[in-house]
Amino acid sequence: MNLNTLLERHGGWLESGPEEGPVVSSRVRLARNLHDTTFPGWASKEVHDRVWNEVVLAFDHIQDGEDFLHWRMDELDSLERELLFERHLISAELAERKVGGGLFVSPDECRGVMVNEEDHIRLQSLQPGLKLQKAWEEAERLDDELEQSLTYAFSSKLGYLTACPSNVGTGMRASVMLHLPGLILTEEINPVVNAVSKIGLTVRGLWGEGSEASGHMFQISNQITLGKTELEIISTLDQIVLEVIEHEKNARLRLMETQKLRLHDHIGRAYGILAHAALMSSGEALDLLSGLRLGVDMGLLPKIKRQDVDQLFIRIHPAHLQREAGEALSPEERDVRRAQLIRNFLEGK
Amino acid sequence: MKCDVCEKEAVVHLTQVLDGEMKEVHLCEKHAKAQGIDINSPISITDILMGLGEAKQGIASELSLSCPRCGMAREEFRKTGRLGCPDCYNTFMAELAAAVKAMHHANQHIGKIPAREGVQTRVKSKIARLKKDLDAAIAREDYEKAAGIRDQINAARDQAQGGES
């Protein structure tokens with residue numbers, strides 16, 4: 001199966017969606033394991049293979065199963081695995097694991113299943129903008145379809161049994177990716193992050209667990225998975241995210257009213273450097289693209305589409321740059337190509 | 001991004017919230033290790049909670065316990081915070097129960113039930129409930145009622161078998 005099928009397009013979750021200014025995407029992930037089967041981290045290669053084969057068979061029996069693209073991690077090289085990671089389709093853990101792991105992904109990249117990651121099955125559903133309910137419905141539908149062929153490890157007391165007790169119960173992690181430059185510029189991000197953390201939700205950076213908030217991107221997700229229904233978890237997260245969005249919008253309004261010059265300067269400088277730099281590290285690019293995205297949201301850059309900026313957020317990463325170049329690039333060469341990619345995009349805009 | 005301690009390129013970036021202040025920490029591989037951070041496995045709440053559990057170790061015979069199905073030893077499970085197989089939940093229930101409660105502030109699942117599991121799980125809990133009623137009826141010497149409950153249990157068992165096919 002060829003990875004180019006994915007690269008010719010962008011993910012369907014980068015289309016436009018509700019609250020799309022501050023919200024990039026909504027995601028629901030379900031952890032599932034096969035009944036009577038050792039968890040991937042403790043299992044032998046034979047077990048990994050058996051699980052993979054069972055999932056392949058399960059996909060044969062679902063409605064649009066044949067449309068899903070799938071790869072075993074060991075048939076991909078490290079660059080290809082990194083590419084899938086950069087597109088948020090696999091975790092860093094699966095990208096590194098190589099042996100036994102695999103991925104199924106729908107052609108629009110909105111639904112996927114990681115096989116033999118920490119759990120046998122990590123099903124994910126991505127939606128553009130704030131659409132947690134829809135993401136949950138899509139995830140549940142795929143879950144129901146797979147379950148027709150697979151028997152899950154389940155206990156009436158602890159729910160879906162997972163390799164890590166922190167996921168037990170619903171096995172569900174719902175998250176929203178937020179772009180919060182207004183709260184950063186007004187230096188109000190700390191109290192907001194702190195308040196969100198206090199009510200049992202987790203705030204993480206762009207790449208999830210242990211990552212920093214590059215590009216002013218934050219992921220907010222539920223921490224608790226047991227003792228609440230899926231819809232309760234989603235509705236709490238939804239409410240809190242709406243409040244954070246309100247804070248972000250207010251921060252942007254205040255910037256516009258009281259610090260208009262500073263705001264224009266911030267966005268103008270981001271645009272200027274992106275349009276003319278000859279060398280650009282990914283860290284710098286993410287920060288400046290954040291300024292550009294804010295400019296688009298505030299109506300200051302009418303010729304630029306937000307979705308195009310969101311795509312750049314993915315295309316500037318090392319594996320994507322090297323894939324487009326068709327060869328391995330040194331970090332310095334990547335900085336050149338990254339700057340070039342962004343300059344070309346902004347030309348005439 | 002440079003390491004906060006030395007001039008090397010930082011490979012670990014942590015965002016921590018301490019006393020309401022968000023702090024970013026950047027460390028190179030060497031200094032991350034010095035801080036006890038394993039680059040390949042992010043610190044999770046499980047590790048912290050299982051670590052806390054270490055303080056109150058159980059009786060000696062429990063320490064050498066391992067899962068009869070997958071062979072995971074208690075020591076291994078404590079070290080990684082990850083279980084070996086679904087059966088480990090039964091094997092290590094004694095110490096898991098507290099950790100699960102601390103993590104989730106709950107110990108009973110009320111979310112989705114697999115359709116396949118659904119009938120049997122629901123019937124199982126129904127039978128458990130009826131058996132309790134049966135014991136109570138017999139204790140009161142209400143044999144007429146007990147016979148009725150027995151019939152219900154048998155019907156539920158038939159239903160459970162029907163659900164399997």
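The talk below goes through confidence, domains, helix pairs and the contact of the chains.

Guide: Keep in mind throughout that this is a predicted model. The model scores ipTM 0.85 and pTM 0.79.

Visitor: How do you know how confident the predictor is in chain A?

Guide: By pLDDT, which runs from 0 to 100. The mean for chain A is 91, and 94% of its residues reach 70 or more. Within chain A, the lowest confidence is in helix α1 (residues 4-7), with a mean of 70, and the highest is in strand β4 (residues 111-115), at 97.

Visitor: What are the corresponding values for chain B?

Guide: Chain B has a mean pLDDT of 75, and 69% of its residues reach 70 or more. Helix α3 (residues 60-63) of chain B has the lowest confidence there, at a mean of 51, whereas helix α5 (residues 88-91) of chain B has the highest, at 94. Over residues 52-61 of chain B, pLDDT stays under 50, and the model has seven contacts beyond four places in sequence for that stretch.

Visitor: Which domains does chain A have, and how far apart are their centres?

Guide: The domain assignment gives domain 1 (4-252) and domain 2 (259-346) for chain A. Taken over C-alpha atoms, their centres are separated by 26 Å.

Visitor: What makes these two domains of chain A count as being in contact?

Guide: Residues count as in contact if their C-beta atoms, placed from the backbone, lie within 7 Å. By that test, 20 residues of domain 1 of chain A are in contact with 23 residues of domain 2 of chain A. On the domain 1 side, the elements giving two or more residues are α3 (78-86) and α6 (181-185) of chain A. α3(A) gives the most, with four residues. The domain 1 side divides into seven nonpolar, seven polar and six charged residues.

Visitor: How do you know whether α10(A) is roughly parallel or roughly antiparallel to α11(A)?

Guide: The axes of α10(A) and helix α11 (residues 306-315) of chain A cross at roughly 165 degrees and come within 10 Å. An angle over 145 counts as roughly antiparallel, so α10(A) is roughly antiparallel to α11(A). The crossing of this pair, α10(A) and α11(A), is left-handed. L289(A), L292(A), R293(A) and V296(A) of α10(A) meet R306(A), V309(A), L312(A) and F313(A) of α11(A). The contact of α10(A) with α11(A) has six nonpolar, no polar and two charged residues.

Visitor: Why is α5(A) called roughly antiparallel to α8(A)?

Guide: The axes of α5(A) and helix α8 (residues 230-258) of chain A come within 10 Å and cross at roughly 155 degrees. The cut-off is again over 145, which makes α5(A) roughly antiparallel to α8(A). The crossing of α5(A) and α8(A) is right-handed. L132(A), Q133(A) and W136(A) of α5(A) make the contact with E230(A), I234(A), L237(A) and D238(A) of α8(A). These residues divide into four nonpolar, one polar and two charged.

Visitor: How many residues does each chain give to the contact between chains, and which element of chain A gives the most?

Guide: Chain A gives 46 residues and chain B gives 41. On the chain A side, α5 (132-147), β6 (154-155) and α7 (189-198) each supply at least two residues. α7(A) gives the most to that side, with six. The side of chain A that touches chain B has 17 nonpolar, 22 polar and seven charged residues.

Conventions. Residues numbered from 1 in each chain as written. Chains lettered and ligands numbered in written order. Predicted model: local features only at pLDDT ≥ 70, side-chain atom pairs only at ≥ 80, totals over all residues. Domains from an automatic or database assignment. Nonpolar A, V, L, I, M, F, W, Y, C, P; charged D, E, K, R; others polar. Axes fitted to C-alpha atoms, helices over the stretch in contact; angles between N-to-C directions. Parallel < 35°, antiparallel > 145°, perpendicular 65-115°, else oblique. Left-handed = near helix turned anticlockwise from the far one by under 90°.
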